[in-house]
Amino acid sequence: MGTRYRCTEYVSTSENRKPTSLQLLRHRADLRSIAFILLAIACYAVQWLEVFNHPLLVLAGMLLAFIACIVNHNHQHHRTFVPGWMNSCFGVLVSLAAGVPGTVVVAMHNHNHHQHNNDQHDHVRASIVGFRWRWLNLLLFPFIAVAHFAGEKRAVMRQWKQDSPRLYRQLMLERLTLYPLLIVLLVAKPQATLLYLGLPFLFGQWAILAINHVQHVGCIAGSRFNHSRNFVGRFANWWFLNNGFHTAHHQRPGLHWSKLPDYHDSIVQNISPELNCRSLLWSLVELYVLPRRHSVALTDLTHSHEVRS
């Protein structure tokens, strides 16, 4: 029998202040989120329409597709707009920028990963890969995670249709907008569609799942504070909308992304220092390229730190 998922949203009660009658955005910081989504769609369009083409623009599209997936992640945890119809429309727009129906991530992420957080019931737990060559773990983790969840997906969709019709209707709206459009574009310009949309979409989906492995591999499943790796550099967190403050996000999944740095500062004394990293790129080198020396030491350090705290 498949896992039973709760069809509820992770919205922090402290965030539920009553908006004014004229307020559209819940948080002004989401102007950046909206700008990234519009920029991503514009980037795809100018290339597909042959207004301007350059290899660097393809790379920009790949980066923007990843950022679109982060925007979608944030939107599924904490709705961007006050009016419900605007959130529904934004969900469709985000789906067009990310190349996947945005609501579909709720099943694997909100309702599974956040409930089980890297334990044996988590479909995206770091332990589903264990290759001797560690760079293969990073490369293949997203594909194995998707395959791992595939068996549950149909049952979850049936449950949504019965228990959470709002989620199901939004998912159908996103599917019926995204997929027919992609088919039309593919028929009209197969090569351009695969290069300027397919490649960014594939990279964005790969990256949003791969970063989950980076943020949890070698950490302590079941720990109160040492279950996640954080990347606290300002530059990356500006571009990636504070996605680096992962412990804070797991502690309060409904907290708006703009407030995560302050919350991280309030709990940082409880987190093992080895799990607060300045550089994402250097951490990738340490975790997946350098000779293995990190995991055992990290386990001992995080455990001893938690006992002391």
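Colleague: Is Cys 43 buried or exposed?
Modeller: Cys 43 is buried in this predicted model, at a relative accessible area of 7%.

Colleague: And Cys 219, buried or exposed?
Modeller: Cys 219 also counts as buried, with 12% relative accessibility.

Colleague: Which cysteine sulfur is closest to the one in Cys 219?
Modeller: That is the sulfur of Cys 277, at 8.5 Å, which is too far for a bond. The cut-off for a disulfide is a sulfur pair within 2.5 Å.

Colleague: How many disulfides in the whole structure?
Modeller: The search finds 0.

Colleague: Changing topic. Where does Glu 274 sit?
Modeller: Glu 274 is in the loop that runs between α10 (260-267) and β2 (276-277). Its relative accessible area is 32%, so Glu 274 is partly exposed.

Colleague: What does its side chain touch?
Modeller: The Glu 274 side chain has a polar contact of 2.6 Å with the side chain of Ser 272. Arg 229 is 45 residues away from Glu 274 in sequence, with a C-alpha to C-alpha distance of 8.3 Å.

Colleague: Which residues lie nearest the centre of the largest cavity?
Modeller: His 73, Asn 74, His 249, Trp 257 and Leu 260, out of 15 lining residues.

Colleague: Which element gives the most?
Modeller: α2, with 3 residues.

Colleague: How does the lining divide into nonpolar, polar and charged?
Modeller: The lining of the largest cavity has 6 nonpolar residues, 9 polar and no charged.

Technical notes: Residues are numbered from 1 along each chain as its sequence is written. This is a predicted model: local features need pLDDT of at least 70, side-chain atom pairs count only at pLDDT 80 or more; totals for chains, interfaces and linings use all residues. Side-chain values use heavy atoms; hydrogens and water are left out. Buried means under 20% relative accessible area, exposed over 50%, partly exposed in between (1.4 Å probe, protein chains only). Helices (H or I, at least four residues) and strands (E, at least two) are DSSP runs, numbered from the N terminus. A polar contact is a pair of N or O atoms within 3.5 Å; within protein, one must be able to donate a hydrogen and the other to accept it, and residues adjacent in sequence count only if both atoms are side-chain atoms. On a 1 Å grid over the protein atoms alone, a cavity is a set of points where a 1.4 Å probe fits but cannot get out, and a pocket is an open set with protein on both sides within 12 Å along at least five of seven lines; lining residues have an atom within 4 Å of a point. Ala, Val, Leu, Ile, Met, Phe, Trp, Tyr, Cys and Pro count as nonpolar, Asp, Glu, Lys and Arg as charged, and the others, Gly among them, as polar.
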